[in-house]
Amino acid sequence: MTTLSSEKTSCWFAGHESFTLRHAWLPKAFTGIREQPDLFLREDAMVTLGVGKNMVRSIRHWALATGILAEGPFFEGTRSRMIESTPLGTLLFGKRGKDPYLEDPATLWLLHWHLASRRDGPTTWWWAFNEYQDTEFTKERMLAALQLHVGRCGWDRVAESSLSRDVDCFIRTYLPSRGTRSSILEDTLDCPFTELSLLHQLDDGVITFNRGEHPTLRSAVVAFSVLDYWDHTAPHKNTLTFDQVAYQPGSPGRVFRLSENVLTDHLEAMEKLTEKAVTYDVTAGLRQMYRRKAVDPIAILRRLYEEV
């Protein structure tokens, strides 16, 4: 994994070992860490997880990138950090986990949110959803744009091969494969995120971002993302403008690729979902979110899964 940092910027490339996320990996990672806190440092991790060495590293990467696990303090006397469960991981995969087999599309949207909404997360995913301006692209065009971005940020030590693998993995994360008879089965296993239909490939091979309604995206997931975004960007403010929620880097509008009308519908639903703690209002043409009291985002998700 390539990780560079400075006072102003940081980047996170590779780590996935060119593997996209698989359905069984996150539950395995969560359960494994609960039973063995040093799982990813153990020589028998391959046996425990039932995968090869490179896949062990990939599982660790995806569990951290999707917010199921998080790095904790250093193990005493070492340079290795503990890996700990998170509230989101516990909600989904704990003893009374709400969706241990990733069967509910809401879960995939939540994992995508965490993957693409954090500047300190995987850089290519953050950049593609929040800073990349093209709505249509090819792998070559996206790679060239990412290289320019890396150069502007001064990350001189990032290898071109790492960027190429990242772009390839990013595309395969969201775009279903077009397998052939000669394809190896392992290479045609689609990532769960392909179900979100965030990318679409045209007949000429050009790839497009799908912006619009996304029927499987629930208002409760958008509410969670708004509160999460609010806490990360303006925790002490009680108002957010519509433009912030719709267009700012790391915002729900950007990460979920929502049209203004669809986002508005989700924001209006927050009044009921939060029991009037958070409301959306339009006054004299000014569109704003108002937070009247604190809301636990996880509590909204818990109610969502109980309703299913």
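How do the axes of helix 9 (residues 219-233) and helix 13 (residues 297-307) cross, and within what distance do they come? They come within 9 Å and cross at roughly 170 degrees. Here, axes are lines fitted to C-alpha atoms, for helices over the stretch in contact, and angles run from 0 to 180 degrees between N-to-C directions. Helices (H or I, at least four residues) and strands (E, at least two) are DSSP runs, numbered from the N terminus. Helix 9 and helix 13 are therefore roughly antiparallel to each other, a label for angles over 145 degrees. On the helix 9 side, the contact (heavy atoms within 4.5 Å) is made by Ala220, Val221, Ala223, Phe224, Leu227 and Asp231. Helix 13 brings in Pro297, Ile298, Ile300, Leu301 and Leu304. By class, that makes ten nonpolar, no polar and one charged residues; Ala, Val, Leu, Ile, Met, Phe, Trp, Tyr, Cys and Pro count as nonpolar, Asp, Glu, Lys and Arg as charged, and the others, Gly among them, as polar.

A word on the source: this is a predicted model, where local features need pLDDT of at least 70 and side-chain atom pairs count only at pLDDT 80 or more, while totals for chains, interfaces and linings use all residues. Residues are numbered from 1 along each chain as its sequence is written, and side-chain values use heavy atoms, with hydrogens and water left out.

Three strands form an open sheet in the order 5-7-6, with antiparallel pairing; strands pair if DSSP finds at least two bridges between them. Strand 5 (136-137) and strand 6 sit at the edges, each pairing on one side only. Strand 5 pairs with strand 7 (residues 207-209) over two bridges, and glutamate 136 has threonine 208 as its bridge partner. Helix 8 lies across strand 5, strand 6 and strand 7, at about 95 degrees to strand 6.

The loop between helix 8 (160-174) and strand 6 (199-201) holds threonine 194. At 11% relative accessibility, threonine 194 counts as buried (under 20% relative accessible area, with exposed over 50% and partly exposed in between; 1.4 Å probe, protein chains only). Beyond its neighbours within four places in sequence, threonine 194 touches Arg172, Thr173, Tyr174, Leu175 and Pro176. Serine 197 lies in the loop between helix 8 and strand 6 too, and is partly exposed at 38%. Its phi is near 55 degrees, a positive value in a residue other than glycine. Most residues other than glycine have a negative phi.

Definitions and conventions
Angles under 35 degrees count as roughly parallel, over 145 as roughly antiparallel, 65 to 115 as roughly perpendicular and the rest as oblique.
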